[in-house]
Amino acid sequence: MKRSKLVGLAMVALAALSCGDDPPDVAELLARAGHSSDDYNVASSLDRGLWCEDDVWLPEVYWPAGGRLVQAPAWPRIERIVFVAWDMRAGTLRGWDLVRDEADRTYWSVTLSAEEVGFGCEERYSTSFFLLASWPDNKISRAIGFKRTAPRGLGGDVLSEDAVLVNYGTTVRLEWANVPAPDTATFYLKNLFTSVTFSTDVSTERNNAGHYDAQLDVDYGELGLGAMTDVATGVVYKRDGVELTNHCLTVTDTTLP
């Protein structure tokens, strides 16, 4: 997506405009839905970005992607979009509603201070971020992940031929991620609706392009993780035990069996 229309000092100036309403109860939203729904492929189509500058966080979304309001009848009427912070070690979820811009109805965002989020831009990489979109009939999307680095710094795929044996493949591109070479990737998996969790460490390997890859195969049936689309997956990259960055992966329709 294009770089935020709110940059630099503008982010700081707008920090005071973060939503003043009570934050959403993420657990209650999930319990009401019961499982994920993505009939319109929102997880693949939501144009999104996460920016942080001077310890001011700005998640933003363009929906419909590219601002194509003329096609609105073909798109679902999203009722709300929630920005979720997932403490992967503790397993807890906190959320904030994105606010739809009155002048540009395709644009949703919220500005949050480090005090509101609980940490600054380069801290606590054991917490990852994702979006949940919801519809008036209480349906809720799968987790739509963010990267805590430059957009091209991290890559990842979630693939399966039967939705039971699932392969994760991730890549750290050092020149874009601006981090030291990682030696370990810690994978965290959480079914958002049943709270079944799994985590494990995987060694990274340098590929021919100079990037660092991590591969993980998971048997969802053996672990009782349920549907692929109900599971949030976060990956933390480390070097000598020090956390460098992370991202939350997104299961898209193109990767499902």
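Contact here means that heavy atoms lie within 4.5 Å, and the legends below describe close-up views of a predicted model.

View 1. R239 is found in strand 16, which covers residues 231-239. Leaving aside the neighbours within four places in sequence, R239 is in contact with P180, A181, P182, D183 and L244. T184 and R239 are separated by 55 residues along the sequence, while their C-alpha atoms lie 6.4 Å apart in space. With a relative accessibility of 38%, R239 counts as partly exposed, because that class takes in values between the 20% limit for buried and the 50% limit for exposed.

View 2. Strand 3, residues 80-87, pairs with strand 8, residues 127-134, in the antiparallel sense over eight bridges. Within this pairing, F83 has L131 in strand 8 as its bridge partner.

**View 3. The disulfide of C52 and C121.** A disulfide is a covalent bond between the sulfur atoms of two cysteines. The count for this structure comes to one disulfide, formed by C52 and C121, whose sulfur atoms are 2.0 Å apart. The link between C52 and C121 is left-handed, with -80° about the S-S bond. The pair links distant parts of the chain, 69 residues apart: C52 belongs to strand 1 (residues 47-53), whereas C121 lies in the loop between helix 4 (114-117) and strand 8. C52 counts as partly exposed at 28% relative accessibility, whereas C121, with a relative accessible area of 17%, is buried, because the limit for that class is 20%. Another cysteine, C248, counts as buried at 4% relative accessibility.

**View 4. The edge-to-face pair of W57 and F119.** The structure holds nine aromatic pairs. One of them, formed by W57 and F119, is edge-to-face, with 5.8 Å from centre to centre and 80° between the planes. This pair also links distant parts of the chain, since W57 lies in strand 2 (residues 56-62) and F119 in the loop between helix 4 and strand 8, 62 residues apart. W57 is buried, with a relative accessible area of 2%, and F119 likewise counts as buried, at 4% relative accessibility.

**View 5. The stacked pair of F83 and F129.** F83 and F129 form an aromatic pair that is stacked, with the ring centres 5.0 Å apart and 10° between the planes. F83 lies in strand 3 and F129 in strand 8, so the pair ties together parts that are 46 residues apart in sequence. Both F83 and F129 are buried.

**View 6. The aromatic cluster.** Which residues form one aromatic cluster? The members are W57, F83, W96, F119, F129 and F146.

Technical notes. Residues numbered from 1 in each chain as written. Predicted model: local features only at pLDDT ≥ 70, side-chain atom pairs only at ≥ 80, totals over all residues. Heavy atoms only, no water. Pairing = 2+ DSSP bridges. Helix = DSSP H or I, 4+ residues; strand = E, 2+ residues; numbered from the N terminus. Buried < 20%, exposed > 50% of the residue type's maximum accessible area, 1.4 Å probe, protein only. Disulfide = S-S within 2.5 Å. Phe/Tyr/Trp six-rings, centres within 6.5 Å; stacked < 30°, edge-to-face > 60°.
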